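Hi,

Here is the structure I promised to pass on. Have a look, and my notes follow below.

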Amino acid sequence: MSEAGFEITERSRVMRQPIRGAYDEASVFAILDATLIAHVGYVIDGQPFVTPTAFWRDGRKLYWHGAVAARMLNSLADGAPACVTVSLLDGLVLAPSGFKHSINYRSVMAFGRARLISDPEAKRVALDRFIERLYPGRAATLRPATDLELAKTAVIEMRIEEAAAKVRNDGVMAIPEDIGWPAWAGVLPIETRIGRPTADVRLGAVAMGLATPAPYAEGDGLDARLAEAMALEIDRAIESV
Ligand SMILES: Cc1cc2nc3c(=O)[nH]c(=O)nc-3n(C[C@H](O)[C@H](O)[C@H](O)COP(=O)(O)OP(=O)(O)OC[C@H]3O[C@@H](n4cnc5c(N)ncnc54)[C@H](O)[C@@H]3O)c2cc1C
């Protein structure tokens, strides 16, 4: 992965616990690629909104989509400033005092200006990329989107202008007042794991003997498999150039 970094500005510089901050593409992309859900922050007439949405990444660009009528997508259409945040919960940190409890996490805040992709072909390519990012090689096997489906779908693109990653991956902060206090202290690791696939028999997959899509296997950690899918897709894109 590239050693390139994002410009550090007053907007993006991590002020609280700066030791936990990073601005290089490798750190930022690793966190973005390990998850699927972002929270998009934007302001309409002075009112802040933070909307959870699925997203995907292509280089330094982030994309998300929805119904053309969605307020979020409409208000972001004209280059509105947006902040896209992702966070992964990695652990609960329990200390002998309430004040020293904490959370282990990986998170990214990315800043940029959103714009609507209006060209239908560009939209189709972007949406295929969403499928490919999640399930490498799958888009070409699917029923193509109709013009109506494309027309009903808005796709937003945001080039990342600045981004910061922030990671806490630590134990309990032991302060003298807490040592020896009779309360359990330590870290409870937290993971999201893939459950047992349930094939939809109405659609014929079972009758056709089709396998569940790689690289997702029951019991695997979702973040690692999402990152693997993204890496596979990047390799495929490079090979096809
Ligand atoms: C799952 C999770 C739970 C958290 N719980 C708490 C909590 O309970 N209380 C608490 O105080 N903090 C919590 N944090 C940390 C929180 O996100 C902020 O980093 C912290 O509150 C400092 O905020 P600030 O605005 O003062 O940051 P500043 O350091 O002033 O922010 C300046 C810039 O640093 C970058 N930055 C700041 N925070 C983050 C971040 N998390 N990820 C990526 N870039 C960042 C951004 O570019 C931001 O514009 C949590 C984080 C996560 C991911």
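Let's start with Ile 103, which is partly exposed at a relative accessible area of 40% (buried means under 20%, exposed over 50%, partly exposed in between, with a 1.4 Å probe and protein chains only). Ile 103 sits in strand β7, residues 102-117 (helices, H or I with at least four residues, and strands, E with at least two, are DSSP runs numbered from the N terminus). Together with Leu 89, Leu 92, Trp 184 and Leu 188, Ile 103 forms a nonpolar surface patch of about 460 Å² accessible area. Patches take residues with over 30% relative accessible area and no salt bridge, joining like charges within 9 Å and nonpolar side chains (Val, Leu, Ile, Met, Phe, Trp, Tyr) within 5 Å; the areas come from the Shrake-Rupley method with a 1.4 Å probe, and for residues only the protein chains shown count as cover.

Before going on: this is a predicted model, where local features need pLDDT of at least 70 and side-chain atom pairs count only at pLDDT 80 or more, while totals for chains, interfaces and linings use all residues. Residues are numbered from 1 along each chain as its sequence is written, and side-chain values use heavy atoms, with hydrogens and water left out.

Now the ligand. There are 14 residues around it, and Arg 11, Met 15, Arg 16, Ser 107 and Lys 166 come nearest (near means a heavy atom within 4 Å). Ser 107 has a polar side-chain atom 2.7 Å from a ligand nitrogen, and an N or O atom in the Lys 166 side chain is 2.7 Å from a ligand oxygen. The protein covers 58% of the 860 Å² of accessible area that the ligand has on its own. β7 gives the most to the shell, with five residues.

On to salt bridges, meaning a side-chain nitrogen of Lys or Arg within 4 Å of a carboxyl oxygen of Asp or Glu: the count comes to 19. Asp 58 pairs with Arg 129, closest N and O atoms 3.4 Å apart. That pair links distant parts of the chain, strand β4 (residues 56-58) and helix α3 (residues 120-134), 71 residues apart. Asp 58 is partly exposed at 34% relative accessibility, whereas Arg 129 is buried at 13%. Asp 147 bridges to Arg 124 at 3.6 Å between the closest N and O atoms. Arg 11 is in a salt-bridge network with Glu 161 and Glu 162.

Cheers

Conventions:
A polar contact is a pair of N or O atoms within 3.5 Å; within protein, one must be able to donate a hydrogen and the other to accept it, and residues adjacent in sequence count only if both atoms are side-chain atoms.
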